[in-house]
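I opened my notebook to look up a structure. My plan is to note each thing I check, one entry at a time.

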Amino acid sequence: MSIQEQHRENRRRSLRGPAMIFSTVMTFLYLGLGITLLVNRTIFGDIPIEFRNIFAVLLVVYGLYRGWRAYWDYYRN
């Protein structure tokens, strides 16, 4: 392995921790906001309920996808 490849591998490992934390936090943020919008009807009360529910479901689905990617990239090994 060349010195350049070793340097690239060391940089990748050093960024793994913050990226893992950020990805996990964003997963919980998307899931939490989506579930909150589905359960609590008073948040964003001026937006029609159908649009708010569609947005909430999209947030939950994206949060699940983001969580799956975080697990696959950082926690599987």
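This is a predicted model: local features need pLDDT of at least 70, side-chain atom pairs count only at pLDDT 80 or more; totals for chains, interfaces and linings use all residues.

**Entry 1: the packing of two helices.** I looked up what the buried residues of H2 pack against. They pack against H3. I then listed the buried residues of H2: Ser-23, Thr-24, Met-26, Thr-27, Leu-31, Gly-34 and Leu-37. Next I turned the check around. The buried residues of H3 pack against helix H2, which covers 16-39. On H3 the buried residues are Arg-52, Ala-56, Leu-59, Val-60, Gly-63, Arg-66 and Ala-70.

**Entry 2: helix spans.** H2 has 24 residues. From its first C-alpha to its last, H2 reaches 35 Å, close to the 34 Å expected at 1.5 Å a residue. H3 has 27 residues. Its reach from first C-alpha to last is 37 Å, close to the expected 39 Å.

**Entry 3: the whole chain.** I stepped back to the chain. How many helices and strands are there? I found 3 helices and 0 strands. Along the sequence the pattern reads α-α-α. The chain has 77 residues, and 18% of them are buried. I also checked contacts between residues at least 6 apart in sequence. Of these, 57% join residues at least 24 apart. The accessible surface comes to about 6200 Å². Carbon and sulfur atoms hold 66% of that surface.

**Entry 4: a surface patch.** I found a nonpolar patch of about 680 Å². Which residues make the patch? They are Tyr-62, Tyr-65, Trp-68, Tyr-71, Trp-72 and Tyr-75. I looked up where Tyr-75 sits, and it is in helix H3, residues 49-75. Is Tyr-75 buried, exposed or partly exposed? Tyr-75 has a relative accessible area of 42%, so I wrote down partly exposed. The reason is the cut-offs: buried means under 20% and exposed means over 50%.

**Entry 5: ring pairs.** I turned to the aromatic rings. The structure holds 4 aromatic pairs. One of them joins Tyr-62 and Tyr-65. Their centres are 6.3 Å apart, with 35° between the planes, and the pair is tilted. Tyr-62 and Tyr-65 are 3 residues apart in helix H3, so about one helical turn separates them. Tyr-62 is partly exposed at 36% relative accessible area. Tyr-65 is also partly exposed, at 45%.

Then I took Trp-68 and Trp-72. Why is this pair called stacked? The ring centres are 6.1 Å apart and the planes are at 25°, so the pair is stacked. The cut-off I needed is that planes under 30 degrees apart count as stacked. Trp-68 and Trp-72 are 4 residues apart in helix H3, so about one helical turn lies between them. Trp-68 is partly exposed, with 45% relative accessible area. Trp-72 is partly exposed, with 39%.

An α-helix has 3.6 residues a turn, so residues three or four places apart point the same way.

**Entry 6: the cluster.** Which residues do they link into a cluster? I wrote down Tyr-30, Tyr-62, Tyr-65, Trp-68 and Trp-72. I also marked that Tyr-62, Tyr-65, Trp-68 and Trp-72 are among the residues of the nonpolar patch.

Conventions:
Residues are numbered from 1 along each chain as its sequence is written. Side-chain values use heavy atoms; hydrogens and water are left out. Patches are made of residues with over 30% relative accessible area and no salt bridge: like charges are joined within 9 Å, nonpolar side chains (Val, Leu, Ile, Met, Phe, Trp, Tyr) within 5 Å. Accessible areas come from the Shrake-Rupley method with a 1.4 Å probe; for residues, only the protein chains shown count as cover. A salt bridge is a side-chain nitrogen of Lys or Arg within 4 Å of a carboxyl oxygen of Asp or Glu. Buried means under 20% relative accessible area, exposed over 50%, partly exposed in between (1.4 Å probe, protein chains only). The expected span of a helix is 1.5 Å times one less than its number of residues. Contact means heavy atoms within 4.5 Å. Rings of Phe, Tyr and Trp (its six-membered ring) pair if their centres lie within 6.5 Å; planes under 30 degrees apart count as stacked, over 60 as edge-to-face and the rest as tilted.
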